[in-house]
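I am opening a notebook on a structure I have not looked at before.

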Amino acid sequence: MIYFEKRENISAKLKVVIPVVSLIIGILFGALAIVVVGINPYAVYKSLFVNAFGSWYAFSETLVAATPLMLITAGLILVFKMGIWNIGAYGQYIMGAIFSSYFAIFMPPGVSKPLMLTLMFAGGAIGGAIWAVIPAILKVFWEVNEVITTLLLNYIALYVLKFLMYGPWKNPKSFGFPLSKPFPSSAQLPVLFEHTRINLGLAFALISIIVIWFIIKKTNFGYEVRVIGNNPTTAKYAGISVGKNIIIAMAISGALAGIAGMVQVSGIIHFLQVKINANYGYTSIIVAWISYLNPALCLLSSILFGGLESGGYSIQISMRVSYGIVGLIESIALFSIVGAQIFLNYKLRWKK
Amino acid sequence: MSASHHTTIVILLLSNAIKAGTILLFPTIGEIFAERVGILNLGVEGMMLIGAFFGFIVTRLTNNPYLGFIAGVLAGGIASLIHAFISITLRGNQIVSGLALTIFGAGFTTFYGQRWINMNLNASFENLKLPILSNIPVAGSILFNQDIIVYLSYILAFVMWFILYKTMIGINLRAVGENAKAANAMGINVYRVRYIWTFFGGLMAGAGGAYLTIGYAPFWLDGITAGRGWIAIALVIFAMWDPLKAVVGAYLFGSINALQFQLQATGTTIPSAILNMLPYLVTFIAIVLTSIIVKAKHIRPPKELGIPYSREEK
């Protein structure tokens, strides 16, 4: 019979091997899926890779996709570390985009760029934070399961956005399309590198990763977060205010997702619409998990998954391969990594 | 409008509410049993999508809705085995594995569904008027002029309630969910019980999905389940892990769905985004209220929910 035997200590080598092998398994299963529909997987992957990392412009687009992933994942790491399951980054991102767009759409045109961008940044952070604090409060005071509330709030946020886009915020000159007025140039994040779409948002993302690393490693709050993650009951007896910490961590996580939404509309799209790539909110959960909730690794994984997302969009257009392939690869990689966690602590043994 | 016309509209509305509720009832009952043995499966949305997809394709290819339904049910069951293997055998994190299953279902059906988008089905379940019962005024034409799958769901809810509370199978499965170690000491094979009921949860999610594409919205679209899997997971709490209470919850939410479509069809001035938001908003409010009641009444989820079990470790 096969059984698991506990290891003396966690295998450091496996910690590196598991995510790499998981991604490879994802890619292999993806290849199998592509073969079934009669397309050459090698050609698809080659094109995906070239479109993600093959040139400076391709890589710049990968960084554009990695930016919101970094921002959202940084926040998720903080809450996941304390065992709080914020699945609501999708909705928090949308709320951030809506709140920040309010200023871009309704402020008088004469407002200076620094003031406008500051307002939009604050709006994005507050919008996202509100959407995360609601489920946090419900959890802390009434033990309402946050997985379900954050998820339902995603759908509610989506329909708030749709309501605005088909109704009061629709641009009368958009020929019936659900788009807002285009943002004035004062509401657009400055581009960092010419001929690319990389904007100041990337700087926000890098700073947020450093800040989250600092919070977790160097502050008292970060220490408490880790204690709560290990055992909430112990934390309570140690005099840690668990509820307060949950609400603060969720507010930070929501704010970062909201800022990601702001960066997308202000830095990339330059108007508000229904499709603002809110799915980054779900992809970030995978990125956080594949990074072992480690801020430094999240930088690397975000770029990798940014490449997968950006390359995935390109092959959809150039090779007519459905974007669903990205979800397939991501989910199988995630299955592998969750399934493989056991090998960090256990060895596979054979007994007759 | 005459009074009888109003009655006709109400009957039609509630009859559709039962159909919309059936889509939710199957997966809710399935998830109740998975959670009762300690397995939280957040992959319901993904399994429903897979069930909806295979149900659609097989019905389209064979023109036999019953074959399609069986295919959808089995496909949902097979999908659940990935989650079962990871969370039971490999003791992986159930929340992440379940989310992966939802992402998998969405990715899989988007990828393979590309060539079926906007195609319709010509075959569907036919309504079967039950003798005597369907003659009951109003309620008869709402409850007993439905298709076989709806009748199947009535029977299922009752049978599953009976199994859960009145049989040895039920006692054993609840023991596994409340205290796996004690259950093991009683001679119950915890792994096997968990596999069986997680698989059952998958079959039921597949059934809900298949009923959606074959019996309710006979066409294919990306993400056609539109969050119903998450509503089903919320309904588990709403039903307080009881299959009969799940019936109430499922039909309540089915009514909201039916009402929303009815309003849209009659050309209301309420924006469609607000109408579409309604099921999620109501679920959200309901789940908050239920959680407060559950807490006050000291009802709680199965104790072992989400916790991996290992026979070797004492």
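**Entry 1: the core.** I looked up the largest nonpolar core, which holds 214 residues. Ile94(A) and Leu235(B) touch the most other members of it. I note here that the model is predicted. For background, nonpolar side chains in soluble globular proteins tend to be buried together.

**Entry 2: around Ile94(A).** What does Ile94(A) touch, leaving aside residues up to four places away in sequence? I found Ala157(A), Leu158(A) and Leu161(A). I also found Gly261(A), Ile276(A) and Ala278(A).

**Entry 3: helix H6.** I turned to helix H6 of chain A, residues 146–166. Is H6(A) largely enclosed or largely open? I counted burial: 17 of its 21 residues are buried, so the rest of the structure largely encloses H6(A). Then I checked its length. At 1.5 Å a residue, the 21 residues should span 30 Å. The end C-alpha atoms are 30 Å apart, which agrees.

**Entry 4: chain A as a whole.** I listed the secondary structure of chain A and got 14 helices and two strands. Its radius of gyration is 21 Å. The globule rule gives 20 Å for 352 residues, which is close, so chain A is as compact as a globular protein of that length. Along the principal axes, its C-alpha atoms fill a box of roughly 75 × 60 × 35 Å. Buried residues make up 52% of the chain. I also looked at contacts in chain A between residues at least 6 apart in sequence. Of these, 79% join residues at least 24 apart.

**Entry 5: the strands.** How do E1(A) and E2(A) run relative to each other, parallel or antiparallel? They run antiparallel, joined by five bridges. In one pairing, Lys6(A) has Tyr346(A) of E2(A) as its bridge partner. I then checked cover on strand E2 of chain A, residues 346–350. The count of buried residues among its five is zero, and the strand is hardly covered.

**Entry 6: where chain A meets chain B.** I counted 41 residues of chain A in contact with 40 residues of chain B. Which elements of chain A each supply at least two residues to that side? They are strand E1 (2–6), helix H5 (113–142), H6, helix H11 (280–290) and helix H13 (324–340). By class, this side of chain A has 29 nonpolar, nine polar and three charged residues.

Notes:
Residues are numbered from 1 along each chain as its sequence is written. Chains are lettered from A and ligands numbered from 1 in the order in which they are written. This is a predicted model: local features need pLDDT of at least 70, side-chain atom pairs count only at pLDDT 80 or more; totals for chains, interfaces and linings use all residues. Helices (H or I, at least four residues) and strands (E, at least two) are DSSP runs, numbered from the N terminus. The expected span of a helix is 1.5 Å times one less than its number of residues. A residue is buried if 20 or more other C-beta atoms lie within 10 Å of its own, exposed if 12 or fewer, and partly exposed in between; C-beta atoms are placed from the backbone. Two residues are in contact if their C-beta atoms, placed from the backbone, lie within 7 Å. Ala, Val, Leu, Ile, Met, Phe, Trp, Tyr, Cys and Pro count as nonpolar, Asp, Glu, Lys and Arg as charged, and the others, Gly among them, as polar. The radius of gyration is taken over C-alpha atoms; the globule rule is 2.2 Å times the number of residues to the power 0.38. Two strands pair if DSSP finds at least two bridges between them. A nonpolar core is a set of buried Ala, Val, Leu, Ile, Met, Phe, Trp, Tyr and Cys residues joined through C-beta atoms within 7 Å.
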